[in-house]
Amino acid sequence: MSTAAVASAIKDSAAASTPLRIVGRGTWLDAGRPVKSARRLSVADDSGVVSYVPGDLTVTVRAGTSLSEIERVTREHDQWLPLDPYGSRDGTIGATIATASAGPLSSSFGLPRDLVLGLEFVNGRGEVVRGGGKVVENVAGFDLWRLMTGSWGTLGVITEVTLRLYALPRVDRSFAVTLGGKEKEVASLIDALVTSPLAPYALLLLSRSASRGLGLGESPVCLMRFGGNEGSVRAQTSALSQLFRPEETEPDVWTRLRELERGAHTAIRISGLPRRFLAVGAKILADDIPGIGTYVDPRRGVLRLLAASDHETLDASQSLDRSVESSDSTTVVYETLDPEVWPIVSPSATADPLSQGIRKAYDPHNILNPGILGDLA
């Protein structure tokens, strides 16, 4: 589907007051609040590379292009897009940007909004809007691409994205450090790992159940990923071995970690000051609740909670929220819940006047994914 076709479909829906469910490849349709729509508008077939200039480390792709396709194309030029959202690699770049989905690499390479240089979208009036640029030095003006990132399709349908790329590391190795022992011992290990001079691409603390699900044993673990040239990685791994007893793991452990989300009934994200997670990390990881998987990025101050049922997850999330001393700097984001639970725990993410005004300005007919972030006043 071309940009013109998307614009035409939106204009027709606006004229008929017909709500639309915006869809990529459908890998995240269970995320977000229930959408009150009468028909789907899919951009899955609108894929492919529009332009790619390896010398500029930028690529422009259509929104329906999958993350795995971007990986394949850029790898041929020893480059990559360090964007590893939880879930399937078959997800589209449009959906990834629209939901602002990020993974373990974000602590070193930034969030989706940091990797987007520009984009094209169609708003709720059927107007084509472009923001940003196609090369780093040309990015100027109002940050429309940042506004669109994480808007869940409520402001417009993303049709094209320009992305910042990085040189592919020549060496990419991953290690697991077992966090066994009593709570105080585990706390000391976590503090030593996080405050060490090591600079891994990614670092996650996995609970017992998450570690078990990845086949890494029956204890909590710290999973680390090092990348770069051969000399720098050798120096990092040598320093790691002097401090701890790491076990090297297969590189696909990160892909398997991301795919744990596919079998989860519920996903919740808690974010706060990193020091708070360091203070209670050992206690959080020690909990071995059936059906609950937890992993923490202590450098970003983000905890993810996966569960097989809403009842288990809500109880666990309330306990974890108390553990990290809920305050104005702590945020709980419900990503996936049973439809009946949303009105109880999080009826709206955009109830404030500013968010309501922006949504009405970009989608005055309220036809783009209505309800996914909450109802308009």
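**Core, cavity and pocket**

Trainee: Which residues does Ile190 touch, not counting residues up to four places away in sequence?

Mentor: Ile190 touches Leu179, Leu205, Leu278, Gly281, Ala282 and Leu285, where contact means heavy atoms within 4.5 Å. This is a predicted model, in which local features need pLDDT of at least 70 and side-chain atom pairs count only at pLDDT 80 or more, while totals for chains, interfaces and linings use all residues. Residues are numbered from 1 along each chain as its sequence is written, and side-chain values use heavy atoms, with hydrogens and water left out.

Trainee: What makes the set around Ile190 a nonpolar core?

Mentor: A nonpolar core is a set of buried (under 20% relative accessible area, 1.4 Å probe, protein chains only) Ala, Val, Leu, Ile, Met, Phe, Trp, Tyr and Cys residues joined through side-chain atoms within 4.5 Å. The largest such core has 32 residues, and Ile190 is among those that touch the most other members, with Leu179, Leu193, Leu205, Cys222, Met224 and Leu240. Helix α11 (residues 274-286) gives the largest share of this core, five residues. A second, separate core of 26 residues includes Val59, Leu67, Ile93 and Ile158.

Trainee: What makes one space a cavity and another a pocket?

Mentor: On a 1 Å grid over the protein atoms alone, a 1.4 Å probe fits in a cavity but cannot get out, whereas a pocket is an open set with protein on both sides within 12 Å along at least five of seven lines. By this rule there is one cavity of 30 Å³ or more. The largest cavity holds about 320 Å³, a volume being the space filled by probe spheres set on grid points joined across faces, edges and corners.

Trainee: Which residues line the largest cavity nearest its centre?

Mentor: Of its 25 lining residues (an atom within 4 Å of a point), Ile22, Val23, Gly24, Ala95 and Ala98 lie nearest the centre. The largest share of the lining, four residues, comes from α3.

Trainee: What is the volume of the second largest pocket?

Mentor: That pocket has a volume of about 510 Å³. Of the 21 residues lining the second largest pocket, Glu71, Arg75, Trp80, Arg225 and Arg258 are the closest to its centre.

Conventions: Buried < 20%, exposed > 50% of the residue type's maximum accessible area, 1.4 Å probe, protein only. Helix = DSSP H or I, 4+ residues; strand = E, 2+ residues; numbered from the N terminus.
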